Amino acid sequence: MKKTIVMAAVAASMLVSNAFAQKIKGSDTCLPLSQTEAENFINKNKSAKITVTGGGSGVGISALMEGTTDIAMSSRKIKFDEKVKLQEAKKSAKEVVIAYDALAVVVHPSNQVSNLTREQLEGIFTGKIKNWKEVGGADMKIVAYSRETSSGTYEFFKESVLKNKNYMNGILSMPATGAIIQSVSQTKGAIGYVGLAYVNKEVKPIHVSYDAGKTFTEPSFENAKNKAYPIVRPLFYYYDVKKEGKVKPFIDYILSAEGQATVKQVGYIPVK
């Protein structure tokens, strides 16, 4: 009888472990938040095993299609053709907004330019504006850094700031947000864009205007929350509805009061 009880307990333990053993992959913007949330969740649920890796929104959604991740992190909405591919793979993706993020434009700390309009940013990243003196700065070549095409941040910046115009030829594409921070911090003429949570003292955030220069707003938690800062986007989790039972405990935790407090702590804007 005791042997049966022990075996039943082991089986139950394995079920719990398997239920909480999950992979999360995708957006670099979501990465620091998901890592912190996973650590906190594991501390509360000792049997949980969660692996979190970046690579970009497109990489995460591709992994969801291939069945190599349980949750795809994305800083953009899933595309129509991606939905079609998921359906072809007999999967139906469910979307959850876990937080909001402000996208900060950053330059080298020595750069005397502090304010840029959306139109000026469009000119810089499409290659029409090539020197900082054209926007009130020093006579210095502009070195623009971008995320690579698989990044949701790349696509959101193109949509919101460039109004869907193409990035200039030869723009320096970085595989991860941290690489942009590092490159901008080491290059005097540099400019790039990153999620607000990545901004540190090594770079200088630009005040942005979306009203042709009437008002310039700093990227900050408060300005993003009250919608004064114009470049704000939702951050998504996507998962196959057939795996809802497996992923729901973790997602519910992120959307809980404790999980949303972590959202704010890490540097993002809570859903509620």
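Residues are numbered from 1 along each chain as its sequence is written, and side-chain values use heavy atoms, with hydrogens and water left out. Because the model is predicted, local features need pLDDT of at least 70 and side-chain atom pairs count only at pLDDT 80 or more, whereas totals for chains, interfaces and linings use all residues.

The structure holds 15 salt bridges, a salt bridge being defined as a side-chain nitrogen of Lys or Arg within 4 Å of a carboxyl oxygen of Asp or Glu. One of them joins Lys44 to Glu258, with the closest N and O atoms 3.4 Å apart. Lys44 lies in helix 2 (residues 31-44) and Glu258 in helix 10 (residues 257-266), so this pair ties together parts that are 214 residues apart in sequence; helices (H or I, at least four residues) and strands (E, at least two) are DSSP runs, numbered from the N terminus. Glu258 has a relative accessibility of 39% and counts as partly exposed, where buried means under 20% relative accessible area, exposed over 50%, and partly exposed in between (1.4 Å probe, protein chains only).

In one, the side chains of Asp70 and Lys246 meet at 3.3 Å, N to O. This pair links distant parts of the chain, since Asp70 belongs to the loop between helix 3 (57-66) and strand 3 (71-74) and Lys246 to helix 9 (residues 244-255), 176 residues apart. Asp70 is buried, at 6% relative accessible area, whereas Lys246 is partly exposed, at 25%. In the other, Lys94 forms a salt bridge with Glu244, the closest N and O atoms lying 3.0 Å apart; here strand 4 (residues 93-107), which contains Lys94, is linked to Glu244 of helix 9 across 150 residues. Both partners are partly exposed, Lys94 at 35% relative accessibility and Glu244 at 23%.
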